[in-house]
Amino acid sequence: MLQQTQVAKVVPYFERFMERFPTVDALAAAPIDDVLAVWTGLGYYRRARFLHRAATVLLDEGRGMPKSAEELQKLPGIGAYTAAAVASIAFGESVPVMDGNVERVICRLLALAEDPKRSVIRRQLVAEAAKLLDDGAPGDSNQALMELGATICRPRSPKCLLCPLSEACLGRQEPENYPRPKKKRAIEEVKLDIALVRRPGTNGTSTLFFRRPENAELMAGLWELPTVEAMPGRSPASVLGRRYGGEWRLGEEVARVAHGITYRSIIAVVYAAEVEARGGVASGPEAAWVDRGTIDQYAMSSLVAKVLSAVPDGNDPGEGGSAEDSPEVPVNG
């Protein structure tokens with residue numbers, strides 16, 4: 001969970017996850033949809049899928065948790081960094097971690113401006129980090145080095161006067177030159193058209209969702225509101241029909257939401273919509289009516305959460321739906 005996510009955000013998710021899946025067996029036995037639902041909001045959902053798959057492998061093979069970094073890396077989704085962190089902190093193996101914070105510390109210590117991802121430089125960094133390990137407490141050593149990079153040897157305005165490694169640091173005169181700053185990828189602006197189809201339900205208003213394909217490049221298997229990328233001269237209703245099936249009609253704009261994902265700056269325009277199934281959804285998409293009583297059972301992206309927060313939860317099907325047409329859409333729940 002801590003990969004590419006700050007501790008303050010992770011803590012409540014971790015607590016809920018451990019309450020729901022307290023053991024490897026419990027995690028392996030749970031449907032992937034349950035795992036993704038608990039993970040909703042953390043992003044980078046491949047992490048949850050790999051975690052579930054790793055638990056399944058351990059259960060199927062009937063063996064305990066691997067205790068070495070080498071063996072841990074054989075599990076799905078576990079790379080060198082995660083394996084070293086788990087092996088050193090949980091099992092006391094003397095193996096160095098190499099995350100972004102540690103990379104920066106060692107690059108400055110050695111005054112290395114080269115790309116730390118290059119294999120030859122990477123090996124040099126790992127060898128140097130290994131020298132700093134206390135073999136009697138490798139987990140503490142690794143955590144200390146990561147914390148040093150996060151709080152003292154920061155990317156900008158490092159606190160060199162407080163650093164315990166400052167006397168040996170070859171890059172302390174110009175620390176921000178090590179490693180050489182990478183060029184930032186240009187921000188890509190994306191506009192999305194989102195269709196909001198609603199109908200009265202037993203727990204208030206129900207909203208029509210579709211599940212993304214398992215092989216989707218982004219957010220595979222998550223539930224989304226009907227969405228298409230806006231293109232000049234292209235009718236969003238016709239694209240919705242090709243993607244999800246049925247005949248779509250978009251009404252008035254009900255919300256506009258800004259969202260960022262990595263290098264993408266997204267503007268999502270939400271329209272009240274109606275859909276007439278006419279033969280059902282397109283081959284592949286799985287549909288569901290979701291209300292406030294069942295929404296926690298569906299894994300959704302943070303963009304969807306923003307959209308739902310931005311639109312009223314009205315009971316009038318005219319607020320984004322058609323009581324006559326919408327129930328024709330075949331759903332799984």
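Hi everyone, let's start in the loop between α9 (138–151) and β1 (188–196), which is where Pro179 sits; helices (H or I, at least four residues) and strands (E, at least two) are DSSP runs, numbered from the N terminus. Tyr178 and Pro179 are joined by a cis peptide bond, with omega about -15 degrees.

A quick word on the model: it is predicted, so local features need pLDDT of at least 70 and side-chain atom pairs count only at pLDDT 80 or more, while totals for chains, interfaces and linings use all residues. Residues are numbered from 1 along each chain as its sequence is written, and side-chain values use heavy atoms, with hydrogens and water left out.

The loop between α9 and β1 also holds Ser157, whose phi is positive, about 50 degrees, although it is not a glycine. Ser157 is partly exposed at 47% relative accessibility; here buried means under 20% relative accessible area, exposed over 50%, and partly exposed in between (1.4 Å probe, protein chains only). Ala111 has a positive phi too, near 55 degrees.

Now the rings. How many aromatic pairs does a search of the whole structure find? There are 6, where rings of Phe, Tyr and Trp (its six-membered ring) pair if their centres lie within 6.5 Å, and planes under 30 degrees apart count as stacked, over 60 as edge-to-face and the rest as tilted. One of them is Phe210 with Tyr244, tilted at 4.5 Å centre to centre and 35 degrees between the planes. This pair links distant parts of the chain, from strand β3 (residues 204–211) to helix α10 (residues 236–244), 34 residues apart. Phe210 and Tyr244 are both buried. Phe210 also pairs with Trp248: the centres are 6.4 Å apart and the planes at 50 degrees, so this pair is tilted. Trp248 is in strand β6 (residues 247–261) and Phe210 in strand β3, so the pair ties together parts 38 residues apart in sequence.

Last stop, Arg47 in helix α4 (residues 46–61). Which side chain of opposite charge is nearest to Arg47? That is Asp99, 12 Å away, and the buried Arg47 has no salt bridge (a side-chain nitrogen of Lys or Arg within 4 Å of a carboxyl oxygen of Asp or Glu; Lys and Arg count as positive and Asp and Glu as negative, with His and the chain ends not counted). Instead, the Arg47 side chain reaches the backbone oxygen of Met1 at 3.1 Å.

Note on methods:
A polar contact is a pair of N or O atoms within 3.5 Å; within protein, one must be able to donate a hydrogen and the other to accept it, and residues adjacent in sequence count only if both atoms are side-chain atoms.
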